[in-house]
Amino acid sequence: MADNSDPNAPWKTLSGLGTTALTALLFLYFLQFLAPVAAGEPVRFVWDWIPSLDISLSFYIDGLSLMFALLITGIGAMVMLYAAKYLAGHPHYDRFALYLFSFMLSMLGLVLADNLIALFVFWELTTFTSYLLIGYLHTDPKSRRNALQALLLTATGGLAMLAGFILIGITQGTFELSELNAAGSLADQPFYLGILILVLAGAFTKSAQVPFHFWLPNAMAAPTPVSAYLHSATMVKAGVYLLARMHPSLSGSDVWVWTLSIFGAVTAVFASFMALRQTDLKQTLAYTTLMALGTLTMFLAGSTGYAITAAMTFLLVHSLYKAGLFLMIGVVDHGTGTRDANVLGGLRGAMPITAAAAAAAGLAMAGIPPFLGFIAKEVAYAGALEMQLWLFVVPMSLIAFALMFAVAGIVAYKPFYGPQGELPHEPHEGPWPMLLGPVVLGVLGLLFGLMPGIAAYYLIEPAVAAVMGAPDVGGRVKLWAGFNLPLLLSLITFALGFLLYQRHMDLRERLARIEARAPDLDAGWDRLLAQFVLYTKAQTKRIQTGVLRQYMFATFSVFALTVLVTLITRDVGGVALQFTGLSFMEWGVAILIIAGTVLVVQTSSRIVALVALGVVGIGVALIFIMFSAPDVAITQLLVELLVVVLLALAFLKMPNLDPEGRQKHSLPNAVLAVAVGGLTTVVLLLVVDQPFDRRLTDFFEAASWTQAFGRNIVNVILVDFRTLDTFGEIAVVAVAALGAFALLKGFARARDAKEEDK
Amino acid sequence: MNSVIFTAAARLLVALMFVFSLFMLLRGHHLPGGGFIGGLIGAVSFIVYSLACGPAEARKALRISPEVIAMLGLGIALLAGMFSFIVGYPLFTGQWLWVGGDSYETAAFSLNTVLVFDIGVYLVVLGGILSLTYAFEEET
């Protein structure tokens, strides 16, 4: 399938396989931490980053972060291998490999970071890299729009979260998560509510809780491997990870329990109905992801052993089956040319391996024994019964799990065993790199179910201990827990789910009718964005008038006001103007300057005004000469000269001053000019009033010759003592000249082009 | 500007002013002057020339385009500053080479990076101002 016409094709393949291999190596690297972490010994790495702000680059590997790290690298490697085949021959495949690898690293940093600021940086890195991934098919406007939507929504939430983190840092005196969690709940601390709301804003937008859910199904615009990765173990789980990570600090209040229970349950139930309503299998899976996120949030509301165990077990099982199912859908799409649930059917003959992998993932999703999904559901019911709001949580879980059962049938059973429709082309089995992921993930779901002790000891229980902030009693994760209420609830779930599956075509039609009447948040988002653009345009028009006079008026007003307020509030006392003892020459220069100023204000000719301004400048240069500062005087004189020349060149091309326009603005302008001049004079007099500090002067007088071998102190300072400053200044001169040059030449070129068009 | 007197005088004046600008650059370490002032004077000399004979003629007289001169100056200044870094001092420390002696008093003359830096300043100011002026003048 590789495009032979592309000479870089081998390199592109190599970039894909290279990143895959690196990710697999990272997975193997993290495996070594399993035993020590399971034994209760978390690992911590620290590097100083911004010591002055108490921000360090610290990484912390405990049960929770290790489980995530293994899922991220393990599923990551399989997805990358899959993508190498799925996107083979795509002209920008190398770019894709880079995006996916960067995303994987950001996600890894996020779950391993122990410092809140580092966590935030990685959090936003995942936002940016996922933006690139979702918008990978950038020629499609819908893809670009959906990528932007995900970016804006999750980045806004991320900023709120940063504010929450800073509040934590200020009130608790540390940004280190391990220290915070060891200190226990913040529930009785000041600003707890503010911190909670801000952090939840970040977590809920990232993990797409209702009403921020709409970006997630839209993110399906990405290629299937991206969906498989972002929506199983990574991106959207980041919010859940944050809730779990900060559980010891933030839980322990009624607000936490109510908020998470309600948001989670509503998201879970809403999403399961929406999943049933979709016909595109990828969209169906997107909504089941939402359901999983809601369920996880709901269980993280609790603080009991079963609730947390339920969350961690479900997290593991969902990551495995969801990645498998997404990858499977990709194979089906690849092999048949469609993802429509109404058309697909009877593929088991043509795609036996895919069918088997899908069956394994589907059974896990439906929660059938002996798959790990069954255990997750049992523990979940046990957890729900322990919850503070069990009266609300248990029925909501029941509805969600039953709907999940039905959806599992639609996604994993019907395409392979149901009646076959009109397929775009003859179905064929996928190549092995695309089958490896679904098969391995499906087998894992079964193995963990058959041997729950291993999964519990190495993955689930260490994670539960990390979330609860204390070693866990364990023993909750087992295949057969006896005849109890959760088992009964499971049986009800199966019955209800089977019924729903039987009637799903009918239900789908009804749901579609309801959906048509419900408010469309996605369209609302577009309207909001359009309104925002209109508002910013209006605001820009108001502030950026393009009239230089208005800009200067605003600038000098602010200047005058701040100086005035400072002078009044600081109570600086009075200043006195002294006119005695002035020489004849000093009077002469003063009169020259005043005369020049009056002329500038009075004249209606630009050139006269310019020359008069030159007179003022030369008067200032004369003052420098009188006070023996020849270098400054020469520079002042030359700069005045050049300003006159440059402005004269510019003025030659401008119309004459409009006398009426000047008249109209003259009063406020005059007040402002007098205010700025008067206040500057007062400030200068106050400065001169202070005794002169000679330390710098003395140093330069003494050191100029002995250290820098120069007798002209001004120049020695410029080229020796303060060379870096001078270098900065000449860089500014050069860049300003280039900028002005480009502007002038650019205008000329644009005008030439316009004239040519005519 | 079509004044014969100005044009004729300009040819003489411009050369003098330009030499004077170099003089100001070189004397700057001990007496009023230096790269900044020298660059300004040099720029004025070429502006006078361009006013007398037109920007096209002035560009020809400069031989190198002023933008290139400015960038060259920036590069020279940077290299002068980096030299001390390469020989193991902090960036932009002045380095002196005494010729015919071992200190300022005994040496016949000295070579130093400070002057090289000042030459860079001179070129940036000259090139920067001229690129602006020429662009203005050519903007018709």
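In which sense, left-handed or right-handed, does α29(A) pass α30(A) in the crossing? The structure at hand is a predicted model, in which local features need pLDDT of at least 70, side-chain atom pairs count only at pLDDT 80 or more, and totals for chains, interfaces and linings use all residues. Residues are numbered from 1 along each chain as its sequence is written, while chains are lettered from A and ligands numbered from 1 in the order in which they are written.

The crossing of α29(A) past α30(A) is left-handed, a term for a near helix turned anticlockwise from the far one by less than a right angle, with clockwise giving right-handed. Helices here are DSSP runs of H or I with at least four residues, and strands are runs of E with at least two, numbered from the N terminus. Helix α29 spans residues 695-708 of chain A and helix α30 residues 713-721 of chain A; their axes come within 10 Å and cross at roughly 60 degrees. This makes α29(A) oblique to α30(A). Axes are lines fitted to C-alpha atoms, for helices over the stretch in contact, and angles run from 0 to 180 degrees between N-to-C directions. Angles under 35 degrees count as roughly parallel, over 145 as roughly antiparallel, 65 to 115 as roughly perpendicular and the rest as oblique. On the α29(A) side, Phe700(A), Glu701(A), Ser704(A) and Ala708(A) meet Ile713(A), Val716(A), Ile717(A), Asp720(A) and Phe721(A) of α30(A); contact requires C-beta atoms, placed from the backbone, to lie within 7 Å. By class, 6 nonpolar, 1 polar and 2 charged residues make up the contact of α29(A) with α30(A). Nonpolar covers Ala, Val, Leu, Ile, Met, Phe, Trp, Tyr, Cys and Pro, charged covers Asp, Glu, Lys and Arg, and the others, Gly among them, are polar.

The contact of α13(A) with α22(A) has 5 nonpolar, 1 polar and 3 charged residues.

Phe45(A) is placed opposite Phe59(A) in β2(A). The two strands form a hairpin with 4 residues between them, and Asp54(A) in the turn has a positive phi of about 60 degrees. Phe191(A), not a glycine, likewise has a positive phi, of about 65 degrees. A cis peptide bond links Val210(A) to Pro211(A), with omega about 5 degrees, and another runs from Pro369(A) to Pro370(A), with omega near 5 degrees.

Chain B comprises 5 helices and 2 strands, in the order α-α-α-α-β-β-α along the sequence. Its mean pLDDT (the predictor's confidence in each residue, from 0 to 100) is 86, and 97% of its residues reach 70 or more. At the interface, 38 residues of chain B are in contact with 37 residues of chain A. Within the side of chain B that touches chain A, α5(B) gives the most, with 14 residues. The predictor gives the complex an ipTM of 0.90 and a pTM of 0.73.

Key
Two residues are in contact if their C-beta atoms, placed from the backbone, lie within 7 Å. Two strands pair if DSSP finds at least two bridges between them.
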